[in-house]
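Look first at how the two chains are laid out, and then at where they touch. The text below follows that order.

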Amino acid sequence: MTRFLHSFMDFLRLLGHETVNRVWRLGYGSRFFFAVLFRSGASLTRGRLILREIWFSGVLSLIIILISGLFVGLVLGLQGYEILQRFGSAGALGTMVALSLLRELGPVVAALLFASRAGSAITAEIGLMKATEQLKAMDMMAVDPVARVVAPRFWGGVISMPFLAALFSTMGIFGGWLIGVVFIGVDDGIFWSSMQASVDFRHDVWNGILKSFVFGVAVSQIAVFEGFDSEPTAEGVSRAITRTVVTSALAILALDFVLTSFMFRGIS
Amino acid sequence: MNRKALDLWVGFFVAIGIGALLFLALKVSSFSGIQMENTYQLQARFDNIGGLKLKSAVRSAGVLVGRVTDIRYDSEKYVALVEMHIDNRYLFPKDTFAAIYTSGLLGDQYIGLEPGGDEEDLADGATVLKTQSAVALEKLISQFMFNKASEGQTAPP
């Protein structure tokens, strides 16, 4: 009986420790976020640092974003046509493809891909810099590692994300057009005009861009924080990378729900 | 990676990103149909607006001429007060008839304007007097059923 009680107490202690640890990390992460924002002045004036990070997280993610966007669009075209033609409204295919991409799939899937392609790379880079004590060396030379290493990576990710989401949606719409119009034979004019009639720039396109911007901030912040906070060992860095991908995915999906309920409440 | 190649790649990335945004803005979406600056305002009272919503279309002869901008309840007359903005290019006579139609069997509802024969045109802020409410399907069906039932009673052999 006492042994059972002891193991139960141990379990409770572990649970409490884990909870307190999570809350502590959340607080530390928030503080880190503001530190990055306040110390990013130097990197914003030195454009070349950010340019390199846009290349690193934006240009290098281009291939996976474009190809995934194309395939998502192809699938949407096939499935959308299959469902819509049951109701005799295959003409609404353009509307369906465009709205589902612009509102949800574009920002969300692009952000998920961005988190696993660029976010993990950022975490690995910063984590390894920490493990090899490069960050400490910078500190010794009176170079602020947050301003020199973290802030450019953060802003590079934030700037790249909306472009990547827009490219994803564009490729998706192209894919839907390819399947619907070229292969199945939905009328080209109806495909585009029904799309234009029901897609509103401010309500659909702009909200999608806004979403991807928020996701960009969240993913970049999580990536740089996990890298900066990682244990300076090989195992610690690999754990930090895993945490980046998992936390980013959860954050994207949760934020998406919150943003959607704000943006698309339906007018009146 | 040297500087020139880096600049080139980032420039390429930003260029196709902006290209994609332009494509989404110009080819995929529309800026709310017509520009809202060059419009004048009309009002109309309906007994029942059915499923009319904000930003619903206002059409005449099937052409989009404006949008619904406000829907209120008029608590003095117990009817719905609908405000719409009409494109400046289009003018309608004073005895224009406004009715709520449905596009297709289950489509969106819109206001249809049918011009009358008056010499004078509706000015900014004017009220369309002759209106017809949305057709409530339930009313139509119950009327039909009622007629059928009364027919059966009054015509015994």
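In chain B, 43 Å separate the centres of domain 1 and domain 2, taken over C-alpha atoms. Domain 1 of chain B covers 1-30 and domain 2 covers 39-137, with bounds from an automatic or database domain assignment.

This is a predicted model, in which local features need pLDDT of at least 70 and side-chain atom pairs count only at pLDDT 80 or more, while totals for chains, interfaces and linings use all residues. Residues are numbered from 1 along each chain as its sequence is written, chains are lettered from A and ligands numbered from 1 in the order in which they are written, and side-chain values use heavy atoms, leaving out hydrogens and water.

Between the chains, 29 residues of chain A are in contact with 27 residues of chain B (heavy atoms within 4.5 Å). About 2,600 Å² is buried between chain A and chain B, and carbon and sulfur atoms give 77% of that area; buried area is the accessible area (1.4 Å probe) that two parts lose on being put together, summed over both. In chain A, the residues losing the most area to chain B are Arg48(A), Phe163(A) and Phe201(A), together 23% of what that side buries.

Arg48(A) also forms a salt bridge with Asp7(B) through their side chains, at 3.3 Å from N to O. The count between the two chains is 1 salt bridge (a side-chain nitrogen of Lys or Arg within 4 Å of a carboxyl oxygen of Asp or Glu).
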